[in-house]
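I opened a new structure today and kept short notes on what I looked up. They follow in the order I took them.

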Amino acid sequence: MDPRKISTGDIAKTVVELIGRASFTLPAAVNESLIRLEENEEDGIGRDTLRVLLENAEIARAERLPLCQDCGSVIVFLSVGQDVKLDGALLEDAVNGAVADAYGMFNLRKSMVGDPLRRKNTGTNAPAFIHTEIVGGDRVAVTVYLKGGGSENMSSLRMFRPTDSAEDIIDYVVGAVEAAGPNPCPPVFLGIGIGGTADAAVINSKKAVIRGGRHHDPFYADLEERIGERLARTNIGPLGYGGRSTAAGVYIMEAPCHIATLPVAVNINCHSLRYMSAVI
């Protein structure tokens with residue numbers, strides 16, 4: 001069977017569309033998580049703060065205004081079917097061109113600098129951070145994830161000993177959120193990568209946070225719940241004003257690792273968890 005031909009131009013158009021949607025509209029699951037927190041929050045200031053965050057999201061959606069003044073760096077996850085033949089411009093160039101087009105078209109703040117030390121703004125919000133994997137089938141799945149700098153600054157990686165326990169990992173994750181305090185604009189969404197190598201754990205922590213829903217493995221689902229309960233007792237609350245609503249979601253992605261290693265990465269995302277997906 002001949003491979004299915006997909007134009008990188010079509011992928012670029014999809015990236016532009018997804019950036020627009022993610023910039024102005026929270027995913028339904030994210031919005032529902034914030035609504036549940038607001039309904040269950042017992043602290044008065046915490047509840048009022050959640051109500052303001054939800055109102056902000058509704059204004060952004062209705063008036064097509066950015067959900068946050070930090071319009072984020074662009075992370076793109078591409079799952080390319082092995083029965084696909086890509087046609088057109090180089091995939092990386094097409095995606096980065098789409099980022100530049102979208103940030104100009106939608107009047108979004110451009111925050112990328114071309115060099116980490118010389119700090120000159122690229123003026124386009126490109127380049128994006130592109131993670132591509134080859135999968136079965138003849139389709140291309142695209143996920144755009146917009147990550148603000150404030151919450152990215154609170155993310156961390158720790159190389160545990162293989163003999164360390166799940167409780168040690170919980171202590172580390174909770175400690176990372178406590179150290180962050182109000183800085184990442186809680187209630188936070190946490191992606192946690194466990195296992196793999198150091199770089200794989202960090203990427204998996206980003207994949208995890210946009211997964212949504214409880215882990216399919218009861219062992220890790222229980223670990224997610226235990227972390228969430230511990231965070232509720234920190235009394236950080238929405239935007240650091242106090243209350244149980246410190247975390248809106250805890251999501252773990254695990255991976256095989258070397259017998260001598262146990263990397264754990266924590267990806268802290270603010271309450272405005274912005275991502276959108278499509279399949280071509």
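**Entry 1: Tyr103.** This is a predicted model. I began with Tyr103 and listed its contacts, skipping neighbours within four places in sequence. The list holds Ile19, Cys71, Gly72, Val74, Leu108, Arg109, Lys110, Thr124, Asn125 and Leu146.

**Entry 2: the cores.** I then looked up the largest nonpolar core, which has 32 residues. Which members touch the most others? They are Ile11, Ile19, Val74, Tyr103 and Val142. I checked which elements supply at least two residues each, and found α1 (8-24), β2 (73-81), α4 (91-105) and β5 (140-147) among them. The largest share comes from α1, with 8 residues. I also noted a second, separate core of 24 residues. Its members include Ile169, Tyr172, Ala180 and Tyr220. As a general reminder to myself, nonpolar side chains tend to be buried together in soluble globular proteins.

**Entry 3: Ser79.** I moved to strand β2 and picked Ser79. Is Ser79 buried or exposed? Its relative accessibility is 18%, so Ser79 counts as buried, the cut-off being under 20%. I looked for a polar partner and found Glu133: the two side chains are joined by a polar contact of 3.1 Å. Leaving out residues up to four places away in sequence, Ser79 touches Glu133, Val135, Arg139, Val140 and Ala141.

**Entry 4: cysteines.** How many disulfides does the structure hold? I found 0. Cys71 is in no disulfide, and its nearest cysteine sulfur, in Cys68, is 7.3 Å away. Cys71 counts as buried because its relative accessibility is 4%. Next I looked up Cys185. Cys185 has a relative accessible area of 32%, so I put it down as partly exposed.

Entry 5: Last, I searched for cavities of 30 Å³ or more and found 1. The largest cavity has a volume of about 40 Å³. Which residues line the largest cavity? I wrote down Leu26, Leu34, Leu53, Asn56, Ala57, Leu67, His271 and Ser272. Helix α3 (residues 44-63) gives the most to this lining, with 3 residues.

Note on methods
Residues are numbered from 1 along each chain as its sequence is written. This is a predicted model: local features need pLDDT of at least 70, side-chain atom pairs count only at pLDDT 80 or more; totals for chains, interfaces and linings use all residues. Side-chain values use heavy atoms; hydrogens and water are left out. A nonpolar core is a set of buried Ala, Val, Leu, Ile, Met, Phe, Trp, Tyr and Cys residues joined through side-chain atoms within 4.5 Å. Buried means under 20% relative accessible area, exposed over 50%, partly exposed in between (1.4 Å probe, protein chains only). Helices (H or I, at least four residues) and strands (E, at least two) are DSSP runs, numbered from the N terminus. Contact means heavy atoms within 4.5 Å. A polar contact is a pair of N or O atoms within 3.5 Å; within protein, one must be able to donate a hydrogen and the other to accept it, and residues adjacent in sequence count only if both atoms are side-chain atoms. A disulfide is a pair of cysteine sulfur atoms within 2.5 Å. On a 1 Å grid over the protein atoms alone, a cavity is a set of points where a 1.4 Å probe fits but cannot get out, and a pocket is an open set with protein on both sides within 12 Å along at least five of seven lines; lining residues have an atom within 4 Å of a point. Grid points are joined across faces, edges and corners, and a volume is the space filled by probe spheres set on the points.
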